[in-house]
Amino acid sequence: METESVKNVAGIFKSLDTFAILEIVIIIAVAVGLVWLTQKLIPWVASHLHGKQRLYTLALVPMLRILILVLALVMIVPLVIEPTLQNMVAVLGAAGLAIGFALKDYVSSLIAGIVAIHEMPYRPGDWIEVDGSYGEVVHIGMRTVELVTNDDTVIWVPHLKLWDNLIHNANNGGPSLMCIAEFYTQPEADAYQIRDALEEVALTSPYLQLGKPIAVTAAEQPWGTKYRLKAYPIDPRQQFQFVTDMTARGKRRLLELNVKFAKVESGEALEI
Amino acid sequence: MAEAPKKAWQWVTVNEFERPAVPTVITVKKWWQNFTHWLSPKSENDEQDEHENAFELKLDEAIKELDSVFSDWLNDKDDNSLRWVIAPPHSGVAEAVQQWAQQNNVSTMKLPDRDTLCQPSDPPSPKFTKTKVWLMPQLAHTFLRQTNGLRWTREFFAKALSGEAGKGLIVCDSWAWAFLEKVWPVPVSELWTLQGLDDQALEQIGLARGEGRLRALAALSRGNPGIAAAYSDRYHRNSDKAFELPQLPQVVEDATAFVCYALLVHHGLTSSQLAQVLPIVSASQLQIQLQILQQQSLISKQDTASKDSLWYITARGYPVVRDFLASRGFWLDKF
């Protein structure tokens with residue numbers, strides 16, 4: 001009985017001759033080579049581009065990789081297994097058992113990676129926040145997405161997070177990313193004068209995307225008034241320099257207007 | 001009856017402006033040129049070629065045409081409207097309008113001192129000669145893109161568009177206009193410019209010969225006569241040689257783009273004005289960028305009445321700089 005089932009399992013697989021093995025090795029080698037080449041070549045080309053062109057070029061990397069790997073799999077499977085319904089059910093059943101016990105998270109990440117390519121909650125070049133980590137998506141791997149923060153720290157986030165975490169995408173595949181510079185003034189200051197001055201600050205920044213709107217909002221806080229100057233940089237990668245420029249020039253302009261900034265004593269700050 | 005030949009110089013409203021078509025073969029060649037430059041950048045001095053023989057544009061015809069377009073308006077005592085003329089860089093439009101104004105005794109407005117525009121104190125106000133037609137010779141020279149630097153221009157728009165300033169003719173650089181449309185977003189009527197020069201027009205004014213060459217020159221210059229003149233190879237008629245464009249520096253940074261853009265929007269700036277406009281870029285970095293761009297023949301400087309020279313984008317460098325800024329997503333002019 002046992003011998004028969006062993007025979008059945010063995011019957012699923014084809015007997016591999018040297019030529020078949022060589023063929024599989026060549027397919028794998030070519031697929032790996034192509035994946036490697038796309039992962040090197042496309043980001044290199046994208047690094048010479050800007051704005052939309054750069055983002056669209058980068059988005060090709062994970063798509064091409066999945067395409068190459070699926071093609072390789074389609075070519076290899078018939079070489080190893082007789083692709084009948086019975087055989088496929090048997091192989092998938094065995095694979096499912098192994099995955100369920102040992103590789104659940106790993107495979108879940110792989111599947112989430114495929115979903116990520118289809119649904120595109122993040123693409124290379126996007127600025128996303130996952131679990132409090134904010135950075136630019138530089139690479140979407142099979143299992144993880146690679147972020148680089150403004151401090152040049154690399155963070156690998158498993159695609160698994162996609163299932164039950166909130167993903168904040170600041171530019172969502174496009175070059176428009178809103179930046180906010182915040183100013184805190186004493187409550188007596190003239191809000192309209194400050195609004196006009198801050199709008200002028202954004203309008204005259206060299207980083208500003210002129211085709212996008214500028215807005216200033218104000219809100220009362222226990223220590224004074226909080227102003228938020230909202231505008232878009234030309235390139236999402238300039239967001240931190242853009243905020244720095246608006247902050248530096250905004251402070252200078254408000255000081256020229258004799259606006260007094262809100263200050264909170266250290267004890268009060270701790271309470272707040 | 002045979003159709004009258006098309007005039008080379010035609011004044012049209014901005015909406016009627018047409019850029020010469022760019023043949024696909026030229027687009028492909030341009031891509032290929034960019035790609036090969038990418039792979040093996042030329043050394044910096046390769047571009048210093050024999051192109052110092054810039055063709056000097058004769059604007060007489062353009063001025064004559066201007067007369068036929070604006071003379072009725074000028075002589076109509078009851079018409080107090082404004083005329084706006086947009087001048088792409090190096091196009092000769094501003095010079096033609098100024099000469100025409102001079103011939104017709106139109107008084108030229110005094111431009112503000114740009115070095116004092118950003119001071120926190122109130123800037124001087126625009127002064128109009130309300131009893132006479134006035135000319136604003138270059139609106140791009142009335143502001144600095146910096147906090148406080150737009151007050152004079154805003155006041156100018158407010159007074160001019162309200163009718164308070166009387167009858168006037170305003171010349172503005174095309175890049176400055178693209179920016180000022182965001183500063184004072186009131187659509188204006190009677191916005192004029194010079195029609196883009198196509199291959200036939202370029203042949204008429206004698207800038208090149210041979211159909212392919214003329215088309216290539218029209219496409220490269222985007223119909224801008226000044227740029228076409230800078231690349232004119234009338235001494236090498238029917239030449240198949242590709243136009244030798246200056247190259248961008250091997251390393252381009254945000255600061256490089258900011259300097260180029262600031263020079264275009266302000267129609268030239270002195271070093272100290274550039275430092276005022278770009279405080280985010282350190283003074284030494286600005287000097288470095290200016291020197292690098294000058295070495296590449298993309299910018300040049302001209303002496304002014306003050307001790308500081310005026311930096312500007314060269315006519316030969318303009319197509320390269322425009323493409324560079326377009327690739328970086330900057331806000332471009334419409335020409």
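**How chain B meets chain A**

Across the interface of chain B and chain A, one salt bridge is found, a salt bridge being a side-chain nitrogen of Lys or Arg within 4 Å of a carboxyl oxygen of Asp or Glu. On the side of chain B that touches chain A, the elements that give two or more residues are helix 1 (24-39), helix 5 (174-183) and helix 9 (254-265) of chain B; helices (H or I, at least four residues) and strands (E, at least two) are DSSP runs, numbered from the N terminus. The model is predicted, so local features need pLDDT of at least 70 and side-chain atom pairs count only at pLDDT 80 or more, while totals for chains, interfaces and linings use all residues. Residues are numbered from 1 along each chain as its sequence is written, chains are lettered from A and ligands numbered from 1 in the order in which they are written, and side-chain values use heavy atoms, leaving out hydrogens and water.

The size of an interface is often given as the accessible area lost when the parts come together. Here chain B and chain A bury about 2200 Å² between them, 62% of it on carbon and sulfur atoms; this buried area is the accessible area (1.4 Å probe) that two parts lose on being put together, summed over both. The contact (heavy atoms within 4.5 Å) takes 23 residues from chain B and 23 residues from chain A.

Which side chains meet in a salt bridge at 2.6 Å, N to O? They are those of B:R154 and A:E200. B:R154 is partly exposed, at 23% relative accessible area, whereas A:E200 is buried, at 12%. In these terms, buried means under 20% relative accessible area, exposed over 50%, and partly exposed in between (1.4 Å probe, protein chains only).

A:S205 sits in the loop between helix 7 (191-203) and strand 7 (215-221) of chain A. This serine is buried, with 0% relative accessibility. Leaving aside neighbours within four places in sequence, A:S205 is in contact with A:F242, A:D245, A:R249 and B:R145.

In chain B, the side chains of B:E190 and B:R83 meet at 3.6 Å, N to O. B:E190 lies in the loop between helix 5 and strand 6 (191-194) and B:R83 in strand 2 (residues 82-87), so this pair ties together parts that are 107 residues apart in sequence. B:R83 is buried at 10% relative accessible area, while B:E190 is partly exposed at 31%. In chain A, salt bridges link A:E182, A:K226 and A:R228 in a network.
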